[in-house]
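Dear colleague,

I am handing over the structure below, which you have not worked with before, and after it I set out what was found. Please read the notes with the structure open beside them.

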Amino acid sequence: AIGDIGREVYNLRAKAGYTNPVNVIVSEQPPMLIVPRVDPKNLEYKDHPSVNRRRGMLIGQSFNGNAMEPLIIDLDDPNTCHGLVGASTGGGKSTMMKQMMLSACEMTSPEDLQFAIVDIGEKSFKLFAQLPHCCAYVTTIEDSLALLRRFESQMTGQENTYRTRIAVFVDEGAALLATGDEDTDKEFRRLLKICGDRGRAYGFS
């Protein structure tokens with residue numbers, strides 16, 4: 001697990017254009033994001049104008065022969081704006097999502113990208129609610145339903161006019177589809193489908 005968010009952010013405190021290599025090690029253990037220690041400094045987003053900057057998240061490295069390059073998903077690209085992380089219990093799904101969020105914090109300002117975190121049972125992401133990028137943090141089925149309905153209400157009118165993209169992270173997504181109430185399960189399926197079908201054009205990933 002990531003542990004103390006303060007410690008992790010400390011290791012990522014570098015300007016958005018920082019060139020030190022970021023390594024992702026994949027073994028039998030969950031993927032690990034290795035960020036070299038640099039002189040710590042607070043991120044000052046005003047120093048990094050968002051014009052023409054990608055809203056991206058690091059998910060690993062791509063291999064092309066002997067060359068390795070960071071593999072970054074572009075949240076504005078219709079082919080990569082949505083994602084599903086799947087693995088068995090203990091396989092590192094939540095850890096990978098945390099690493100994705102932290103990499104996005106390092107690359108993108110809160111004015112360009114925000115997180116809405118669904119963490120049923122408050123199991124994994126409580127400390128991430130302190131990030132300046134976090135615009136919503138919910139831990140119950142009821143609040144998750146209200147959050148997705150609020151986002152649905154915003155997916156109307158002219159498309160592609162959003163200023164800030166919102167990345168919705170759902171940990172343990174299966175919990176939303178197996179609540180024990182058939183009507184609630186059906187509503188979550190409907191809302192998640194809407195986010196997938198219409199979200200990109202209205203600034204939701």
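**Salt bridges**

The structure, which is a predicted model, holds eight salt bridges. In one of them the side chains of aspartate 76 and arginine 165 meet, with 3.1 Å from N to O. This pair links distant parts of the chain, since aspartate 76 sits in the loop between strand E4 (67–74) and H2 while arginine 165 belongs to strand E7, 89 residues apart. Aspartate 76 is partly exposed, with a relative accessible area of 25%, whereas arginine 165 is buried, with a relative accessible area of 0%.

A further salt bridge is formed by the side chains of aspartate 112 and arginine 163, at 2.5 Å from N to O. Because aspartate 112 lies in the loop between H2 and E5, and arginine 163 in the loop between H3 and E7, the pair ties together parts that are 51 residues apart in sequence. Here aspartate 112 counts as buried, at 5% relative accessibility, and arginine 163 is partly exposed, with a relative accessible area of 47%.

The side chains of arginine 190 and glutamate 152 also meet in a salt bridge, at 2.7 Å from N to O. Arginine 190 lies in helix H4 (residues 182–198) and glutamate 152 in helix H3, so this pair ties together parts that are 38 residues apart in sequence. Salt bridges that share partners join Arg149, Glu152, Glu187 and Arg190 into one network.

Strand E7, already mentioned for arginine 165, is part of an open sheet of three strands in the order E6-E5-E7, with parallel pairing. Strand E6 (134–138) and strand E7 (165–171) stand at the edges, and because each has a single partner strand, one side of each is left without a neighbour in the sheet. The twist averages 15° from one strand to the next. Strand E5 (residues 113–119) is joined to E6 by four bridges, the two strands running parallel, and alanine 116 stands opposite alanine 136 in E6.

Helix H3 (residues 141–153) lies across E5, E6 and E7, and runs at about 140° to E6. Turning to helix H2 (residues 93–107), its 15 residues should span 21 Å at 1.5 Å a residue, which agrees with its end C-alpha atoms being 21 Å apart. This helix is mostly covered, as 14 of its 15 residues are buried.

**Cysteines**

How many disulfides does a search of the whole structure find? The search finds zero. For cysteine 105, the closest cysteine sulfur is that of cysteine 134, and because the two sulfurs are 9.4 Å apart, they are too far from each other for a bond; a disulfide would require a pair of cysteine sulfur atoms within 2.5 Å. Cysteine 135 is likewise in no disulfide, and the nearest cysteine sulfur to its own, again that of cysteine 134, is 6.3 Å away.

With kind regards

How values were computed
Residues numbered from 1 in each chain as written. Predicted model: local features only at pLDDT ≥ 70, side-chain atom pairs only at ≥ 80, totals over all residues. Heavy atoms only, no water. Pairing = 2+ DSSP bridges. Axes fitted to C-alpha atoms, helices over the stretch in contact; angles between N-to-C directions. Contact = heavy atoms within 4.5 Å. Expected span 1.5 Å × (residues − 1). Buried < 20%, exposed > 50% of the residue type's maximum accessible area, 1.4 Å probe, protein only. Salt bridge = Lys/Arg side-chain N within 4 Å of Asp/Glu carboxyl O.
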